[in-house]
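Notebook open, model loaded. I want to jot down what I look up as I go.

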Amino acid sequence: MLTNSIILRLQQRKNCLNQIIFMLDGAPPHTDVKLQQLLRRHYFTGRRVVGICFTAACPPGSPDLTTLLKVYRLLNAKGYIVRRDTASGGGGLMFIHDVHFQRLPVIGNDISDLEYLVITVLSKDRTITIKNLYHPPNNQHLDTNMMAGLFDDNTIILGDFNAKNTTWGSTITNARDLELSNLVNEKAFLCLNDGTHTFQSNSYDCSDVLDLTFISPGLFPYSSWRVLDNIGSDHLPILVETDLKVNCTGVKNLHWNFKKADWSLFENISNNVISQEPLSDNLEKEWSHFKHSIFAAAKSSIPRGEIKRSNWQNLCEKLNYRTSNTKLWKLAKQIDNLKPSNEETNVIISDNGHVSVDTREVAEALAQNYANESRLVFRSSEKHLARVTRNQRESCRDTPADNPLFNVDYTLPELSYPPQNLDTNKSPGPDSIPEHFLSHLGICGKERLLYICNLSWKTGKLPRQWKSAIVILIHKPNKNAGLTTSCSPISLTCIT
């Protein structure tokens, strides 16, 4: 019933955490190839978390993990990278995409050979912990005392334990698996493996089950598990899907393709739609009509779609003997100067340890921090200066302007000058109006925008949307992730 009914229904649902891919790499000579293949085939197609383990160092002549991560940063790969290096030269990576997460500290000792990387996927209603483990194939027993602390509620544990049990599809049962199975049963965890072999030895032409996935009882009814196609490693990728809603950080926006825009049609439609509404003294109404008109024109004259980012292979294919030395050196310096990403979290954590996932909570925490930073502090000896400053600030709006220049309306030539000097590469603000729209307005559009600016100037008011901004947080280098003081705010305001 589980295989034929429940899992099939869960796989048909789309609004889930959605996928977690795990791959343990047992063939280090092809590390760079498999990493690129895995990211290209799975990570960039909607998977939320991708976990990869490398059991040994990269061989001579192949790029190490640091170089590969620099390349993917250079290509603007979206997402966060959590990295763990080991003394053997191998390590683990987790690529996190479109979800809030926090890396948890590793609790272990120097005696145990167990290696693991842990993150929590954070949501307003539920937190899911993902633990990626690896134990080398030696004669050591499992450190069950340390592992017992890994089995928590809402937890997915996956990895290569080099433990074999016929119950899970292995050909034999070894001593380590008896230790592991007893621990799993004691903690009431469930195994998602369906018996499909996850390991294929090219040297001995055999297969077995080495990669295991255990899940807490509360998550089991919403989860499914399957082995994916081989991409070159002796360990096959495993896809774990959990049908639970979480807050996603990414929003897929369609971008305007200005290279294929029909600007003559844009001008004609915008002129026609704008002229249909008579002028009024309602500033909000005027601004709303102007926005509606130019977007109606844009939808009919400018195609939209998602930006297709070129991958490393496409970039290299463009390099040949004709490529200038300047371009080659610039590319080499870009790769060398980039710092490989290794994020601890992408959420805001307050001083008392509270994790802010809700956007309103994050905004309030940041606003409080920036208010404290920008507050003017006067000493007791400066009370008179503080009073003068406050009075000037409160009375400046009521003071009439002696200069008649401030009572003269803006003119059309004055309005036409700024759009000609705007940077077309800048992102729009809350109004979502790109610079291209303003620079290609027809005469009716320019006159209506001029009327809105003069009406705003005369009334001393701004459209509500002009007073808002989209704040982008840039993490300061070498600062603790998650703290409000570790972020530099970049505000995107309305171009108009």
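Here are my entries, one topic at a time.

**Ground rules.** This is a predicted model, so I keep in mind that local features need pLDDT of at least 70 and side-chain atom pairs count only at pLDDT 80 or more, while totals for chains, interfaces and linings use all residues. Residues are numbered from 1 along each chain as its sequence is written, and side-chain values use heavy atoms, with hydrogens and water left out.

**Overview.** I looked up the secondary structure and got 14 helices and 20 strands in the chain. Both are DSSP runs numbered from the N terminus, with H or I over at least four residues for helices and E over at least two for strands. Of the 496 residues, 40% are buried. For burial I use relative accessible area: buried is under 20%, exposed is over 50%, and partly exposed is in between, with a 1.4 Å probe and protein chains only. Next I checked contacts, meaning heavy atoms within 4.5 Å. Among contacts with a separation of 6 or more, 70% come from residues 24 or more positions apart.

**Helix 6 against helix 7.** How do the axes of these two helices cross? Helix 6 (residues 263-275) and helix 7 (residues 283-301) have axes that come within 8 Å and cross at roughly 145°. The axes are lines fitted to C-alpha atoms over the stretch in contact, and angles run from 0 to 180 degrees between N-to-C directions. Helix 6 brings L265, F266, I269, S270, V273 and I274 to the contact, and residues from helix 7 include H289, F290, H292 and S293. The contact residues split into 10 nonpolar, 6 polar and no charged. In that count, Ala, Val, Leu, Ile, Met, Phe, Trp, Tyr, Cys and Pro are nonpolar, Asp, Glu, Lys and Arg are charged, and the others, Gly among them, are polar.

I then traced an open sheet of 6 strands, ordered 5-6-7-8-12-9 with mixed pairing. Strand 5 (100-103) and strand 9 (190-191) are at the edges with a single partner strand each, so one side of each has no neighbour in the sheet. Pairing here takes at least two DSSP bridges between two strands. Strand 5 pairs with strand 6 (residues 115-122) in the antiparallel sense over 4 bridges, and I found F101 opposite V121 in strand 6.

**Positive phi.** Most residues other than glycine have a negative phi. I looked for exceptions and noted N154, with a phi of about 50°, in the loop between helix 4 (144-147) and strand 8 (155-160). N154 is partly exposed, at 23%. S432 has a phi of about 60° and lies in the loop between helix 12 (412-420) and helix 13 (435-439). S432 is partly exposed too, at 39%.

**Helix 12, Q420.** Q420 is in helix 12 and is exposed at 62%. Its C-alpha atom is 9.0 Å from that of L438, 18 residues apart along the chain.

**Cysteines.** How many disulfides does a search of the whole structure find? I got 0, a disulfide being a pair of cysteine sulfur atoms within 2.5 Å. I also looked up C444, partly exposed at 25%, and C494, buried at 12%.
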